[in-house]
Amino acid sequence: MTQPSTQPSTQPSTQANKNYIAGEWLSGVSDIANISPSDLSDVVGHFAQADTAQLDKAVDAAHAAQAEWANYGLERKQAVLNAIGNEMMARAEELGTLLSREEGKPLAEGKGEVYRAGQFFTYYAAEVLRQLGQNAQSVRAGVDIDIRREPVGTVAIISPWNFPTATASWKIAPALAYGNAVIWKPANATPASAHALTEIIAKQDIPKGLFNLVMGSGRDIGQKLVEHTGINAISFTGSVPVGRGIAQAAVGNFTKLQMEMGSKNALAVMDDADLDLAVAAALGGSFGGTGQKCTASSRLVVHEAIHDTFVERLIKGAEAMQVGHALEAGTQIGPVVSETQMSENLAWIEKGRAEGAELACGGVQVERPTQGYYMTPGVFLNTTNQMQINREELFAPLTAVIKVGSYGEALHTVNDTRFGLTAGIMTRSLARANHFRANARSGCVMVNLATAGTDYHVPFGGRGESSYGPREQGSNAAEFYTTVKTAYIAAGDPE
Ligand code: NDP
């Protein structure tokens, strides 16, 4: 298996799927081939790569369009968002199939993601009508104060491949709902889902240039986008090192910034847990999306009293999971996304062993009828929280069990990380559940649930190196996508 999942070409093809810039579909300066990780002979399509001149054109057009969009009536804006969301939900089967084909997640997950992405648009359609201001009395006689939120301007959205449609949608929908223009640079590993969503948005009653799709590599066009002085705010989801670089670029221009990055989420399994539920939560949380989720349960912190029973059932469950082509019926774990990711995963197996962890099952590259990046789900045992496999985000179908002697030790271990996106506990004790909810140092806490799996109408984000800036999703999104204006009004004498 030597091919990458995207292959660059210096000869742009007229057949390639185009970028959407300033209200026009434009060919790029080069193309990439998008290849399914389930089947390296399956070319999903060719996709244009933008250059700097096209990026500049998009930013200029966005500025002009944003002013127009901000003055659209509320119901007109709401209708646009509803139409996008409703079409995505209606086409979840078709678009979910495309997503699974290019990204590798099992079909049910692909369809579910597209449906959920549609819900972000319909949720924010409703938020269009819920933008209420505040008012206050001035300390000066005869002066009134009103406090309103205004659009922040032109927003750069940089999204990852692991949730190519949902992550982008939970950024694009509020950006538009709160009156902004968008320049979207999706991940180059999943351009087909980005192109499909853009086709839906481009059909709507929006000013030309309000929404721009600028495909290209992160290092090239992504970097230029975040350094662009015409960008007013950047919303990014991806890795910590790239996030660090984006933060530096943003600070240089005083650009508003929001980022969601890696994590090292832990699920604590207590001695009083319902073990069937705990095993199901651990399997789903660790291996759903092939473990390529920022909310994945990559550390299982297990009480010694039930450790052996839990581990026995966990391994049995992992070994029973079906690894295969994303579109094949019965597949529970699809391929990993790319050859690079596969090499990294295999390197982590070696690092884990070298650190003294025992690989109890899986973690092996396997063949299937089609050539793809298949790996069996792996469970490390006898690990400590100081091992690198328990400190770094692996983004792989791999999880590690850490044995602890008490609830207190479990909580300490869960919190002993530089990340802090989600944390979970499996327990029947109300006292432990409440204490954990109050003391887990993470943005999201799960009680008797997997660490992965969040709703769309409430805030999402983490602490430490997991997130930076205001929370995403729910009505909290207003904090990032708007800026506050405080107006002082001295009405004067009516006579
Ligand atoms: P990256 O952080 O490299 O990519 C995320 C997005 O950022 C992509 O659209 C990418 O473009 C873009 N990008 C890359 N470099 C720059 C740059 N210099 N300036 C602006 N944009 C840039 O993540 P990877 O896809 O390489 O995955 C690597 C690791 O990151 C994973 O193994 C995982 O640990 C973590 N990750 C975490 C995610 C999360 O949900 N929190 C999501 C994805 C990854 P391009 O597609 O061209 O690379």
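Modeller: Gladly! Let me begin with burial: a residue counts as buried under 20% relative accessible area, as exposed over 50%, and as partly exposed in between, using a 1.4 Å probe and protein chains only. This is a predicted model, so local features need pLDDT of at least 70 and side-chain atom pairs count only at pLDDT 80 or more, while totals for chains, interfaces and linings use all residues. Residues are numbered from 1 along each chain as its sequence is written, and side-chain values use heavy atoms, with hydrogens and water left out.

With that in hand, Trp170 is buried, at a relative accessible area of 10%, and Phe460 is buried too, at 4%.

Now to the rings. Those of Phe, Tyr and Trp (its six-membered ring) pair if their centres lie within 6.5 Å; planes under 30 degrees apart are called stacked, over 60 edge-to-face, and the rest tilted. By this rule there are eleven aromatic pairs. In one of them, the ring centres of Tyr123 and Tyr124 are 4.8 Å apart and the planes stand at 90°, so the pair is edge-to-face. Tyr123 and Tyr124 are both buried.

Trp170 and Phe460 also make an edge-to-face pair, with 5.6 Å from centre to centre and 70° between the planes. Trp170 belongs to helix α5 (residues 166-177), whereas Phe460 is in the loop between β21 (444-447) and β22 (467-468), so this contact ties together parts that are 290 residues apart in sequence. The helices (H or I, at least four residues) and strands (E, at least two) are DSSP runs, numbered from the N terminus.

A charge sits over a ring if NZ of Lys or CZ of Arg is within 6 Å of the ring centre and within 35 degrees of the ring normal. The charged end of Arg76 is placed this way over the ring of Tyr72, 3.7 Å from its centre. Likewise, Lys351 has its charged end over the ring of Trp348, 4.0 Å from the centre of that ring.
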